[in-house]
Amino acid sequence: MNPIFDWIFEQYQQTPVHLVILEFIGVFFGFLSVWYSKRENILVFPTGIISTAIFVYILLVFELLGDMLINAFYFIMSIYGWYVWTRKVDETHFIPITNTTRQDKKWGTFLFFGTLVFVFMVYYLFDKFDGWTAYLDTFTTAIFFVGMWLMAKKKLANWTFWIIGDLISIPLYMYKGLVFTSFQYLLFTIIAIYGYKAWKKNINKSPQTLLK
């Protein structure tokens with residue numbers, strides 16, 4: 001067999017089959033969620049809810065607490081974002097994509113550093129600071145928290161945070177042995193770049209449909 005495939009499947013030798021299947025399903029719906037987000041499609045939220053619920057379970061099993069908290073937060077923000085995106089500015093138009101305001105930046109900064117402190121405390125209390133990945137996991141958690149919050153509020157800047165976090169997560173998940181999840185983040189990076197370009201073209205334009 002190809003050495004690359006040998007290496008990939010070697011990472012899953014000690015992993016229960018049901019977790020591998022769940023990871024595939026979670027990756028699939030996660031990919032759909034990011035794709036729908038790029039298209040400014042409301043289906044970003046139901047697909048995201050399915051993916052995050054699966055990964056909360058998987059990451060709990062792997063004891064990756066920071067990553068688990070990310071997905072738990074995504075789950076909550078998906079419900080919030082679903083509400084925000086479906087609000088209307090008039091009878092036929094939904095809220096538009098906008099730039100971050102000074103208030104958004106203030107709350108985003110608070111959320112970033114608040115997340116760093118919170119995740120650090122979780123890792124410390126559960127004695128999970130057993131390697132450099134735990135510290136990097138704390139950092140990416142803060143990045144993704146802000147990115148998801150901005151996406152739920154339909155802010156263009158959310159893509160910048162996704163791109164940064166995704167680029168860090170590609171080698172991080174590869175190192176952790178979650179190979180397919182690492183590939184997912186590679187695809188996420190590519191989609192996020194195109195997503196930024198697509199949203200920038202539609203900034204301040206109120207859509208008439210959220211199913212594109």
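Author: Helices here are DSSP runs of H or I with at least four residues (strands would be runs of E with at least two), numbered from the N terminus, and a helix axis is a line fitted to C-alpha atoms over the stretch in contact, with angles running from 0 to 180 degrees between N-to-C directions. The model is predicted, with local features needing pLDDT of at least 70 and side-chain atom pairs counting only at pLDDT 80 or more, while totals for chains, interfaces and linings use all residues. Residues are numbered from 1 along each chain as its sequence is written, and side-chain values use heavy atoms, with hydrogens and water left out.

Let us start with helix α6, residues 132-152, and helix α7, residues 158-176, whose axes come within 9 Å and cross at roughly 150 degrees. The two helices are therefore roughly antiparallel to each other, a term for angles over 145 degrees, whereas under 35 is roughly parallel, 65 to 115 roughly perpendicular and the rest oblique. The crossing of α6 and α7 is left-handed, that is, the near helix is turned anticlockwise from the far one by less than a right angle. In this contact there are 15 nonpolar, six polar and three charged residues, where Ala, Val, Leu, Ile, Met, Phe, Trp, Tyr, Cys and Pro count as nonpolar, Asp, Glu, Lys and Arg as charged, and the others, Gly among them, as polar.

Most residues other than glycine have a negative phi. K154 has a relative accessible area of 0% and so counts as buried (under 20% is buried, over 50% exposed and in between partly exposed, with a 1.4 Å probe and protein chains only).

A second pair of helices can be read in the same way. Helix α2, residues 17-38, packs against helix α3, residues 44-61, at an angle of about 145 degrees, their axes being 8 Å apart, and this crossing is left-handed. The contact of α2 with α3 is made up of 14 nonpolar, eight polar and one charged residue. The loop between α2 and α3 holds E40, which is not a glycine but has a positive phi of about 55 degrees; with a relative accessibility of 2%, E40 counts as buried.

For M151, once neighbours within four places in sequence are set aside, the contacts (heavy atoms within 4.5 Å) are S37, V44, F45, W85, N158, W162 and W199.

M68 is in α4, is buried at a relative accessible area of 16%, and touches V56, L59 and L60 when residues up to four places away in sequence are not counted. F118, found in α5, is partly exposed at 46%, and its C-alpha is 9.1 Å from that of T138, 20 residues apart in sequence.
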